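Dear colleague,

Please find the structure below, together with its sequence.

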Amino acid sequence: LLNMALTRITKGVIKPNENYDTHNINSTGIVTATKFVGPFDSINVSGAATFTGNVTIGGTLTYEDVTNVDSVGIITARGGIDCNGDIDVDGHTNLDNVSIAGVTTTASLNISHTTPVIDFTETDGNPDYRLYAESGEFVIRQQNPSISNRLVINSTGVSVPNDIDVDGHTNLDNVNVGGATTTTGVVVINAG
């Protein structure tokens, strides 16, 4: 059912190119026109509507009870997208600036960046630790320049330049001590 108020109709069958003034056309069938000229107070369509050209909406477009929006092309939002539900993206996603206020869970994670540096920032806004790749090494360094690297991973293994504090049971299969060893408790050595 198409309900609209028209003020002028052009018919080309009875009297060609003659205008007719009318009000409140109610049609229960199909209305075919090459052009509608408004303004319209309201257009109510209870069935399917097909538009082969562009549709421009100057106000707010409200969807009620819409479960799916199917687009075969690109959807462009100029003022942002406010989504109060899940977003499911299958394919490549390019995000220029991401701010996450909650928990992020990933099934698999691959972080790639042209400058491989990740800063871990404390609540004061200053970076506390930096994670980066440099000269074939994967390094965690405290941001205070007077403190050396905390952890270095490279092709030969893992290097911890500072102290290691272990408060529980530690099972080491092969230990090579290059410097002094100090113990405050009992040392048990079992020959293998």
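Accessible areas here come from the Shrake-Rupley method with a 1.4 Å probe, and for residues only the protein chains shown count as cover. By this method the accessible surface of the chain comes to about 18400 Å², and 49% of that surface belongs to carbon and sulfur atoms. Please note that this is a predicted model, in which local features need pLDDT of at least 70 and side-chain atom pairs count only at pLDDT 80 or more, while totals for chains, interfaces and linings use all residues. Residues are numbered from 1 along each chain as its sequence is written, and side-chain values use heavy atoms, with hydrogens and water left out.

Overall composition

The chain has zero helices and ten strands; helices (H or I, at least four residues) and strands (E, at least two) are DSSP runs, numbered from the N terminus. Of its 192 residues, 5% count as buried, where buried means under 20% relative accessible area, exposed over 50%, and partly exposed in between (1.4 Å probe, protein chains only). A contact means heavy atoms within 4.5 Å. Among the contacts in the chain with a separation of 6 or more, 17% are accounted for by residues 24 or more positions apart.

Two strands pair if DSSP finds at least two bridges between them. Strand 8 (residues 137-142) pairs with strand 9 (residues 149-154) in the antiparallel sense over four bridges, and isoleucine 140 stands opposite leucine 151 in strand 9. Strand 9 also pairs with strand 10 (residues 157-159), again in the antiparallel sense, over three bridges.

Asparagine 154

Asparagine 154 lies in strand 9, and its bridge partner in strand 10 is glycine 157. This asparagine counts as partly exposed because its relative accessible area is 23%. Its C-alpha atom is separated by 4.7 Å from that of glutamate 137, 17 residues apart along the chain. The side chains of asparagine 154 and glutamate 137 make a polar contact (3.2 Å), that is, a pair of N or O atoms within 3.5 Å; within protein, one must be able to donate a hydrogen and the other to accept it, and residues adjacent in sequence count only if both atoms are side-chain atoms. A further polar contact, of 2.7 Å, joins the side chains of asparagine 154 and threonine 156.

Tyrosine 63

Tyrosine 63 is placed in the loop between strand 5 (44-45) and strand 6 (117-121). With a relative accessible area of 54%, tyrosine 63 is exposed.

Yours sincerely
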